[in-house]
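Subject: Structure handover

Hello,

Here is the structure I promised to pass on.

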Amino acid sequence: MKSHTEYLTLFIPSEVDFVNITAKVEEALRRSGIQEGLCLVNSMHLSSSVFMHYAEQALKKDQQHTLELMTWLHPSEARASPFPQDAIVDDDLDPQHKRRILGRDVVVAVTRGSLDFGPMEQIYYGEFDGGREKRVLIKIIGE
Amino acid sequence: MKSHTEYLTLFIPSEVDFVNITAKVEEALRRSGIQEGLCLVNSMHLSSSVFMHYAEQALKKDQQHTLELMTWLHPSEARASPFPQDAIVDDDLDPQHKRRILGRDVVVAVTRGSLDFGPMEQIYYGEFDGGREKRVLIKIIGE
Amino acid sequence: MKSHTEYLTLFIPSEVDFVNITAKVEEALRRSGIQEGLCLVNSMHLSSSVFMHYAEQALKKDQQHTLELMTWLHPSEARASPFPQDAIVDDDLDPQHKRRILGRDVVVAVTRGSLDFGPMEQIYYGEFDGGREKRVLIKIIGE
């Protein structure tokens, strides 16, 4: 069995943004030499996500909506919140809620040396607390 | 290390429906000959899900409720939505939101040649945009 | 390739609670002797979760809020629910909804014999229907 580990370092200047990291994962897979196996890609911070999403510009519109939805879930920023006014809420939790909704990681099959997912799927990094360096782990095992 | 890859093709005539695919995953596992390892099962489309759910008829009632919840999360179909009327929303996003909530994939342990999960757990395929063929990937690695 | 399987048994006396199980997963990893690979940890019950969360006391406050959010999502306990009064809802579904939101499992990389995740990440067990024994599966494959 072979294994391969890489850490991506990302610096996103804005507080919230999304970056397609599929090409970087494909490069790591090429370097690994692994033909058949599993590839885990995960954010190493509680204020960012790794998730699978649409392979197009539609991203912007969808994400805008998704972020609206997520922001709305956070009482301190919601006008129409069903939560009582006295709910104990910490602003630090907002990025964590966003991560919980979009997800921490993706697990992707490796088949014949390539990432084996749907034709419209791409791997994205979601930043919810930018302005500092963050790390993403890529772990590939197989043969 | 052994690896085994199969693609299920599903055609769900209705727009939204749920199918228990546990038996199909077990057949793939049998064909793989793998006794100890990990099994990834994922939808290859942004408008469908693979997720773990209750092993009984309760599915119907729960899913009905879950779908109500998910539908409600989608502004264009919600009466009591907290979103502004001018929110940019695309109808194509509805299946994607459903997928985000139910999930893209499941990772299951393989122990002594069997799927190793709880006695009430089963693997389901969720269709949110039926009427055309969709694919599900089964990837098993181990020995 | 090596594989290692352990089942944790947990008894949580209260209906809802959260337990950091990172040390138990690390012990299992040590016993496995695996240096490079993947580790799956999953709840084997539909009324409990395994998820990644903040490595501090902040847990309490966050979870309190998260549970509020989750409870609110469940119509039978919500005052401001957008669901029609006649929605078919079963009380047994509440723990399942909580599980769906927090998640069933985590997949963690194993690098140089250690769990390879972010410095603030820890593995938690979430109980939503306590008072009876529950099981958590730890499966590690690698070499």
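This is a predicted model: local features need pLDDT of at least 70, side-chain atom pairs count only at pLDDT 80 or more; totals for chains, interfaces and linings use all residues.

Chain A first. Its secondary structure comes to 3 helices and 8 strands. From the N terminus the order is β-β-α-β-β-α-α-β-β-β-β. Chain A has 143 residues, and 58% of them are buried. Of the contacts in chain A with a separation of 6 or more, 84% are between residues 24 or more positions apart. The accessible surface of chain A is about 5,800 Å², and carbon and sulfur atoms hold 46% of that.

Next, helix 1, residues 22–32. In chain C the buried residues of this helix are C:Thr22, C:Val25, C:Ala28, C:Leu29 and C:Ser32. Just after the helix comes C:Gly33, with a positive phi of about 70°.

Chain B: B:Thr22, B:Val25, B:Ala28, B:Leu29 and B:Ser32 are the buried residues of helix 1. Their arc around the axis is only 125°, which puts them on the same side of the helix. Exposed B:Arg30 and B:Arg31 sit on the face turned away from the buried side. B:Gly33 follows the helix, and its phi is positive, near 70°.

Now the charged pairs. The count over all chains is 21 salt bridges.

- A:Arg31 with A:Glu6: the closest N and O atoms are 2.7 Å apart. A:Arg31 lies in helix 1 and A:Glu6 in strand 1 (residues 2–11) of chain A, so the pair ties together parts 25 residues apart in sequence. A:Arg31 is exposed, at 53% relative accessible area. A:Glu6 is buried, at 14%.
- A:Lys139 with C:Glu36: the closest N and O atoms are 2.5 Å apart. This pair crosses between chains, from strand 8 (residues 133–142) of chain A to the loop between helix 1 and strand 3 of chain C. A:Lys139 is buried, at 0% relative accessibility. C:Glu36 is buried too, with a relative accessible area of 17%.
- C:Asp105 with C:Arg104: this salt bridge is 2.9 Å, N to O. C:Asp105 is partly exposed, at 25% relative accessible area. C:Arg104 counts as buried, at 9%.
- The network: salt bridges link A:Arg99, A:Arg104, A:Asp105 and C:Glu121.

Best wishes

Technical notes. Residues are numbered from 1 along each chain as its sequence is written. Chains are lettered from A and ligands numbered from 1 in the order in which they are written. Side-chain values use heavy atoms; hydrogens and water are left out. Buried means under 20% relative accessible area, exposed over 50%, partly exposed in between (1.4 Å probe, protein chains only). Helices (H or I, at least four residues) and strands (E, at least two) are DSSP runs, numbered from the N terminus. The arc is that of the directions from the helix axis to the C-beta atoms. Contact means heavy atoms within 4.5 Å. Accessible areas come from the Shrake-Rupley method with a 1.4 Å probe; for residues, only the protein chains shown count as cover. A salt bridge is a side-chain nitrogen of Lys or Arg within 4 Å of a carboxyl oxygen of Asp or Glu.
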